Amino acid sequence: MKNKKYLFPIITFFLSFGCALFVAIKVFPNNPFTGNKEEKTIASKFKDGDLIFQTSESQQCEAVRIATNSKFSHCGIIYDINGKWFVFEAVQPVKLTPLEDWIKHGKDSKYVVKRLKDDSILKPEVLQKMKDYSQQFDGKEYDAYFEWTDNRIYCSELIWKIYKNAAGIELSKLKELKDFNLKDSRVQKILKERYGNDIPLEEKVVAPSDLADSNILKTIIDTY
């Protein structure tokens, strides 16, 4: 009788533990016991305000890579929105894209993440100011003419302006269109399509490569 007295509590304990474990697996699939360890390690490396770069595959992106002598042709800024990672990017239209989807859009899903060497500057209030400033560009058209205005905007221009105007940080010096390698026939073809014979050689420009090569940034992740 004494054994039976303790049998019920023991059975109840194991049933309760089993139910709790089942719920934990279903509700929290990425907990340390059941999640993909590699994915959690990578995810934990991201921080609000990080910059992310990739190689896009289109004629224009190929021309950008050639003109800038870089593998990068697209970039965005990583934001933590309600506990989920997004990339704010200038495509058509400018929008927030889930980070995992953004990575898949690049060639071979490869990417590089960079961060300020002194990221203590990006205090919560500064990051919030950056996000607030970003909202004015949400939904705007992509700028295929690379004009230095806010009417339309391209990827590296978007990042540069967010950091400069909301955080007071100049990621790189601006260049002029004529500073890039414009002699290649593939680049000439795109320029002809965009501008005809009136190429704005003195237009202010910032390329993904200019940001990637910034001496105030450090590389956090490189999957190339």
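The axes of helices α3 and α7 come within 8 Å and cross at roughly 120 degrees. The model described here is a predicted one. Two packed helices are described by the angle between their axes and the distance between the axes. An angle from 65 to 115 degrees would count as roughly perpendicular, and one over 145 as roughly antiparallel. The two helices are therefore oblique to each other. The crossing of α3 past α7 is left-handed. On the α3 side, the contact is made by Q59, Q60, E62, A63, I66 and A67. On the α7 side, R186, V187, K189, I190 and R194 take part.

Helix α3 spans residues 59-68. Seven of its ten residues are buried, so this helix is largely enclosed by the rest of the structure. The buried residues are Q60, C61, A63, V64, I66, A67 and T68. An α-helix has 3.6 residues a turn, so residues three or four places apart point the same way. The cover over the buried residues of α3 includes α7 (185-195) and α8 (208-212). After α3 comes N69, whose phi is positive, near 55 degrees.

Q60 is placed in α3. Its relative accessibility is 13%. Buried means under 20%, so Q60 counts as buried. Neighbours within four places in sequence are left aside here; Q60 is then in contact with Y142, A144, F146, I190 and R194. Both I190 and R194 belong to the α7 side of the helix contact.

The aromatic rings were examined next. The count comes to eight aromatic pairs. One of them, F46 with W85, is edge-to-face. The ring centres of F46 and W85 are 6.0 Å apart, with 65 degrees between the planes. This pair links distant parts of the chain. F46 lies in the loop between α2 (37-43) and β1 (51-54). W85 lies in strand β3 (residues 84-89), and the two residues are 39 residues apart. F46 has a relative accessible area of 8% and is buried. W85 has a relative accessible area of 25%; the limit for buried is under 20%, so W85 is partly exposed instead.

W148 and W160 also form an edge-to-face pair. Here the distance is 5.4 Å centre to centre, and the planes are 70 degrees apart. W148 sits in the loop between α5 (124-134) and α6 (155-167), while W160 sits in helix α6. The pair therefore ties together parts that are twelve residues apart in sequence. W160 counts as buried, at 7% relative accessibility.

F53, F72 and Y224 form one aromatic cluster. The charged end of K71 sits over the ring of Y224, 4.3 Å from the ring centre.

The protein as a whole has eight helices and eight strands. Of its 224 residues, 41% count as buried. Contacts between residues at least 6 apart in sequence were also considered; 69% of these join residues at least 24 apart.

Definitions and conventions:
Residues are numbered from 1 along each chain as its sequence is written. This is a predicted model: local features need pLDDT of at least 70, side-chain atom pairs count only at pLDDT 80 or more; totals for chains, interfaces and linings use all residues. Side-chain values use heavy atoms; hydrogens and water are left out. Buried means under 20% relative accessible area, exposed over 50%, partly exposed in between (1.4 Å probe, protein chains only). Helices (H or I, at least four residues) and strands (E, at least two) are DSSP runs, numbered from the N terminus. Contact means heavy atoms within 4.5 Å. Rings of Phe, Tyr and Trp (its six-membered ring) pair if their centres lie within 6.5 Å; planes under 30 degrees apart count as stacked, over 60 as edge-to-face and the rest as tilted. A charge sits over a ring if NZ of Lys or CZ of Arg is within 6 Å of the ring centre and within 35 degrees of the ring normal. Axes are lines fitted to C-alpha atoms, for helices over the stretch in contact, and angles run from 0 to 180 degrees between N-to-C directions. Angles under 35 degrees count as roughly parallel, over 145 as roughly antiparallel, 65 to 115 as roughly perpendicular and the rest as oblique. A crossing is left-handed if the near helix is turned anticlockwise from the far one by less than a right angle, and right-handed if clockwise.
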